[in-house]
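Me: I would like to learn how to read strand pairing and aromatic contacts in a model. Please take one feature at a time.

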Amino acid sequence: MSNFIFFVVVLCLWIVVFPARSLSALSSYVKSADNSQSRAGTIGGEQPCNAFANARCLNQFSGLQAAHNDLPNKGGVIIVPPNYTDTETATVNISKPGVSIICMGRSEIPSSITINHAGVGLHITGAYFKLQGCDLNVGTAASRSNVPLIDAAVQGGMITEVRFGGNASSRNNGIAFSSSGAGFGGGLWTLRDLLIWQGVWTSFVSITSGNNPHTAADFHLFNLISQVNTSFTDASVVLDGKLDTVVMDQLDVGNSAPGTALHIRNTLSAGPGFPRWVRCTDCSLEAGGNTGGTALKIDAGRDIQYHGYIASAKTGAAITGSSSETNGVDLSHITFTNIGQSAITLPASANRVKIADNNFDDICNQATNTYDGISVAPNASEFSISGNMWRNNGAKKCRYGVNVAGGASNSYIVAMEEYPSGTFGTSFLKDGGSGTNKFLMGAMSTTPNSIGLSSNAGLSSSPRMTWSGFLPTPVNVQSFGLLVPDQAITITRLTGSVLPPPAGCGTFPVYSAFDNTTQTILVSVTPSKAATLDSGSVSINVPAGHALLFRVTTAASGCTTNPANLSITMEYKMQ
């Protein structure tokens, strides 16, 4: 009993004398790089390294390479404590699989890694790498053109919640993230919630793959943002070569220099049809203002879709590749605004390009009546333009909404466009294509009775229509049928037939389209020589609301054979 009492007394004295020294708190003390006692690596008194198995605190090592080398062969976690800056003077080679670098800082006390040399920052050859929560900055002012901060030379990895900071004095800060592998050397990478800011760069993200046996597949880019003061000598985002399945969502990047924001191309001899299956949804691109560059360039690729917003560029989207290199491009649900020249340009080799359901607002604004909203090169074929809305409230207007340049263009559709009056300097459409396999359907202008398409239109805002009637004994003067158009019309032809036709008549009958409101004969035919009747082309305007009849205006008389079974058709169009 006395032993138990003694134990209780000792325990109470321990608690009174050392109230803040719990075992976990005592264990949180670590040796920092200068071997002094420090709690800089703790959060709320707890050492973050304790939260992970196989973890290494960076402030216990001379740098990332030493911390990496100290991890087990199967990888582990490197913790960068809050308010801690790691400076690297040589490339860090991440060769072990499953390595994660996690920065524990917050915006006011960040964890940062500074690359203070002109070489590659982190060279990743170990699969399933992860970098999270860090500020990754360029420390040197030397040019790093085309040199990546992160070089992903392996399949599988994730970069998330990282801010890339450029050196404002550097001629080029290089590439923030680069992947140049193929097959098992690339793909399966996710980039999420990344920001790049300050200075001149080669690219934000560059994903490339040459003509290898396997494609580099499955790259996912979510919520990538470039700050307005960044410019790129290549493009903000580059997709080049034998790539398959690149998914981008909420890509919000620009290029403050006259350059390109998103460039999809094949300069690496990867063969036709690459990159393929590329999606950019809810994306936003800018390219240095309305005298700048091209926001979206597609030089090659198959099955490419872009939806979102394109603004502040000389050209919004330019498709430039040959038909063997580029096909199956979908540009839809995009708002174009502050575009200096054309919003979209199509090459002669356009192949299966769809432009639909877009909003063209303030485009062609470098000069009035000079540039075209959608400019189609001569001999382009297999494209579709439909369901777009056009607005231009400024003084400078597009010459044409759609200009199909003169040539052998064929197999295309322009249909159901909508715009107010005065939107274009000349007209909505110039159709210079000589092909016959095309469908041009009327624009829905807000101006009543406007003609939105050219005279080559198969259907337009003045569609051709017919009105027909039948009379079994068309001999005596009489009326039949009734048409009361609620919109003004233009009669273009009167045709018909009688079986049998009249023969041997002293007076042949006359059949007419008759305006009963004004008691006026509008157009007539006479079956004096043949069973078929045709007035030829006419142009007779009829006001809305007039009552029209078919009428035998002159009776047949003295015929050896009376006419019978009159079928008559009036062709007309809406004014």
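Me: How many bridges join strand 41 and strand 47, and in which sense do they pair?
Reply: Two strands pair if DSSP finds at least two bridges between them; strands are DSSP runs of E, at least two residues long, and helices are runs of H or I, at least four residues long, numbered from the N terminus. Here strand 41 and strand 47 (residues 548–554) are joined by four bridges in the antiparallel sense. Q478 stands opposite V552 of strand 47. This is a predicted model, in which local features need pLDDT of at least 70 and side-chain atom pairs count only at pLDDT 80 or more, while totals for chains, interfaces and linings use all residues. Residues are numbered from 1 along each chain as its sequence is written, and side-chain values use heavy atoms, with hydrogens and water left out.

Me: Which sheet do these strands belong to, and what is the order?
Reply: An open sheet of four strands, ordered 41-47-43-44, with antiparallel pairing. Strand 41 (478–483) and strand 44 (520–525) are its edges, each pairing on one side only. From one strand to the next the twist averages 30°, with axes fitted as lines to C-alpha atoms (for helices over the stretch in contact) and angles running from 0 to 180 degrees between N-to-C directions.

Me: What describes a pair of aromatic rings?
Reply: The distance of the centres and the angle of the planes. Rings of Phe, Tyr and Trp (its six-membered ring) pair if their centres lie within 6.5 Å; planes under 30 degrees apart are stacked, over 60 edge-to-face, and the rest tilted. The count by this rule is 12 aromatic pairs. One of them is the tilted pair of F480 and F550, with 5.7 Å between centres and 35° between planes. F480 lies in strand 41 and F550 in strand 47, so the pair links parts of the chain 70 residues apart.

Me: Are F480 and F550 buried or exposed?
Reply: F480 and F550 are both buried (under 20% relative accessible area; exposed is over 50%, partly exposed in between; 1.4 Å probe, protein chains only). Buried residues make up 52% of the 575 residues in the protein.

Me: Which residues form an aromatic cluster?
Reply: F336, F360, W390, Y419, F424 and F428 form one.

Me: Where does a charge sit over a ring?
Reply: The rule asks for NZ of Lys or CZ of Arg within 6 Å of the ring centre and within 35 degrees of the ring normal. The charged end of R551 is over the ring of F514, 5.1 Å from its centre. The charged end of R279 is over the ring of W277, at 4.2 Å from the centre.
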